[in-house]
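This report describes a protein model for a reader who is new to structural work. Please keep the sequence and the structure in view while reading.

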Amino acid sequence: MSFSDDEPPPDISSSAAGSILWNTSSLFILCIDHGERNESWHHDMANMHAGPYNKPIQGDRVRLVAHSNEEAPLEENTQQVLLEIIDMSSPVERAGLDLVAVLDVSGSMGGEKIEKMKTAMKFVISKLGPNDRLCIVSFSTKAERPRPLLWMTRASQEMLKDAVDNLKANGGTNMEAGLKTGLKVLGSRRHSGGRVGSIILMSDGEESPGSKARTVNIGNVAVYTFGFGERNDAKACSYLCLLINPWLAGQVLEAIASKSQGGTFYFVRDGESLSEHFSRILAGLLSIVVQDLQLTVWQHRGYSMIDEDKVHAGGYPKTADAAAGSVTINFGDLYSGEVRKVIVDLLLPAVHREYPPTTVLCALCQYRTKGQDLYSPQDYLRCDMRRTRTARPHVMRPKVKAELVRLSYADTLKQVSELKEEDFDLAKRKLEEAKNDLDAEQSSNPRLPLINLLRNELMLLLSLATWKEFISSVLAFWTWHRLQRFGIFHTRLMDKYAEQAIEFDKNPGMPPPSVEEEVVEMVRWRKPPGAMGPSRTPPRIPEHRSSAGWAWRALIILCTALAIALIVAGAAVFAVYLLYQPKTPYLVVSDARLVQLQYGQDGAIQYLQASVTILAENSNSKASASFSSVDLALAFHDADVALLRADPFVVAPKSSLPLRYNVVSAGTALDAAGKQAMDEALKAGVVPLDLVGKARTRWKVGVFVKVKFWTRISCRLRFFFPGNGTVMPDDRQRCRSKSP
């Protein structure tokens, strides 16, 4: 069974086969507040909280950190402030992916190229989950889209793998038609809210005469391009040479990626694995939680000045508001674990006396998750910068220095990327000069590990012997540094996917675990906050006798006092307990129904729809109860069908709060025992689903005592199916959580 974009998507509050769908986003405010404030600063902050910022809410998907000097001299000077946006999200919360693969099947792609592409696409198909959609567009002389955007069920995966196997290299290279067709697929989606839409374009970059892919209006779509190794056919390009100077075919692909929002260019050398390269992009696309990320920085009127050209954010678009004294950078989507760095050159005017710590900069970070916004708390992160006569003008923090070195190196890559083939020697000399500069920085700042990474990149570029390979690699590296994505900016998940791709190349018959299987495993083994690993016997420490007897006596007295305090506190807690007699908050199933179940002959649950309502009960009459880290799983015979989650919430005294889940799941595979159990259940007309999981609860007992613990639920819900799909009343009544 397969779903296309013309059918209602599983847009649900629970997950499909393990993906977790929850609607969250955040706004995070960082104020580099250096103490002293004036009326204009208060006016700017009031404007910041106008409109949607009237009710800020804590957001935790990104963290904003600043690095700057604590002191600045009295004369006019420029201070560099480094802002780091760190993605703190988990792939568990990821958005669904709509991916369009635009594949070159022209004659020049014959042989090893198309076989690498087929293997890479099969890896992609194997990794995608039921909450993702894929469309394959092939192009040669013309573009073809044999099937629409398909939900990745088991049947769809097999269908698309067959389509990949049937690809044959023949004809010209109308890259423009392929790219336009791929953009049309994403542009015509009826169901796109909160989803990630991206295009991958694989080609050898050798366009046919008349094709002008670089002129296509891409809009806000991220296009990731892959250029294959040295040209190994005899395709003539005299017309193209006159048209767009294709001394480098990869320039076309790099130009396409650079025009898109967040897209990058990859150069795949002869003999390299396309699957490994592509797996890193896939790891990012399948971990996006933070979308439409923006960073706004404000000057402090009278104390600092910001110019748009002095806000260094790589290739990301910026907009300035002169009236507000602010600059906004649009980053687009963040992969889980990624970091974005921005250097702000802050001009401080001359002053005639020393000043105490004063506000010089304020920054605001806003983003979206699942199509909804949250806003940051009102308490700002503050740093101190004071104006003193003793401040040294050219001193800066190591992290700031490292980022300035990287920006200088990236600028060298940009200069080299603009050279032509006849300037090959000049390009190498420029890189040699950059290498010497890095060596000098390393000797003066040995504690900057980033320099080693940049130096390794340079050594690789200098080792390349042919112009095409050299300039294609320069373009790729420049793209990565411009967007701070891939290469030295890799994440752990990218490395994990790359290892899986290498194994898949060796044995394509053994598919890697899908993203949903990994999410289920991630949730299952994730430890609650503050949880410790397995207990270990501490190492034996040899005794050491001290002559300071008074120190031992003081320690004994202190321990005795602490023990008495603990006894008194314990007695107080017990007295409060007897007085208030608190009742433990819990979760209980109030309603459940199995709406639809389609079980295929291949032994997989092709489609399942169910509704589950869970009440969060608080029986305490004098205290509210908060619930967080709600992690529940709905399973059949140990195969997770869906994961149910909820954002933190509070239940008032003597009340309850319903959590309503509409579960839609597709493509859940069962093992042999599970298949037998499903057959028996359908014959008996009763289908059992297990609900297991836990939630963190917290409430107050009295005035001072706070109680928190994990409440766990493990029960079986038996549904009359085929039938009316209702749950057995006894199961519903027994299905409630317990505390340890």
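## A strand pair: β3 and β5

In β5, I86 is the bridge partner of R63. Strand β3 (residues 62–67) and strand β5 (residues 77–87) run antiparallel and are joined by six bridges; two strands are said to pair if DSSP finds at least two bridges between them. Helices (H or I, at least four residues) and strands (E, at least two) are DSSP runs, numbered from the N terminus. Strand β3 is largely enclosed by the rest of the structure, because five of its six residues are buried. Buried means under 20% relative accessible area, exposed over 50%, and partly exposed in between (1.4 Å probe, protein chains only).

## Basis of the model

The model is predicted: local features need pLDDT of at least 70, side-chain atom pairs count only at pLDDT 80 or more, and totals for chains, interfaces and linings use all residues. Residues are numbered from 1 along each chain as its sequence is written, and side-chain values use heavy atoms, with hydrogens and water left out.

## The chain and its confidence

The protein chain contains 16 helices and 29 strands. Of its 740 residues, 53% count as buried. Contact means heavy atoms within 4.5 Å. Among the contacts in the protein chain with a separation of 6 or more, 81% are between residues 24 or more positions apart.

pLDDT is the predictor's confidence in each residue, from 0 to 100. The protein chain averages a pLDDT of 80, and 80% of the residues score at least 70. Over residues 525–548, however, the pLDDT is below 50, and this stretch has 11 contacts in the model beyond near neighbours in sequence. Residues 577–581 also have a pLDDT under 50, with five contacts beyond four places in sequence. Where pLDDT is low, the predicted coordinates should not be read in detail.

## A hairpin: β15 and β16

Strand β15 (residues 318–321) pairs with strand β16 (residues 326–334) in the antiparallel sense, over four bridges. Within this pairing, A320 stands opposite V327 in β16. The two strands, β15 and β16, form a hairpin with four residues between them, and G325 in the turn has a positive phi of about 65°.

S287 is found in the loop between α7 (274–285) and β13 (290–299). Is S287 buried or exposed? Its relative accessibility is 1%, so S287 counts as buried.

A polar atom of the side chain of S287 lies 3.0 Å from the backbone oxygen of G284. Apart from neighbours within four places in sequence, S287 is in contact with P91, R94, Y335, S336 and L493.

## Cysteines

The structure holds one disulfide, a term for a pair of cysteine sulfur atoms within 2.5 Å. The disulfide joins C715 to C735, with an S to S distance of 1.7 Å. Because C715 lies in strand β29 (residues 705–720) and C735 in the segment after α16 (729–734), the pair ties together parts that are 20 residues apart in sequence. Both C715 and C735 are buried.

C362 counts as buried because its relative accessibility is 3%. C365 is buried, with a relative accessible area of 0%.

## An annotated region

The UniProt annotation "coiled-coil region", from an unreviewed entry, covers residues 417–444. UniProt positions are given in the numbering used here, feature names are shortened, and annotations may be inferred rather than shown by experiment. In the model, residues 417–444 are 79% helix and 0% strand, and the end C-alpha atoms are 29 Å apart.

Notes
Polar contact = N/O pair within 3.5 Å; in protein donor to acceptor, adjacent residues only side chain to side chain.
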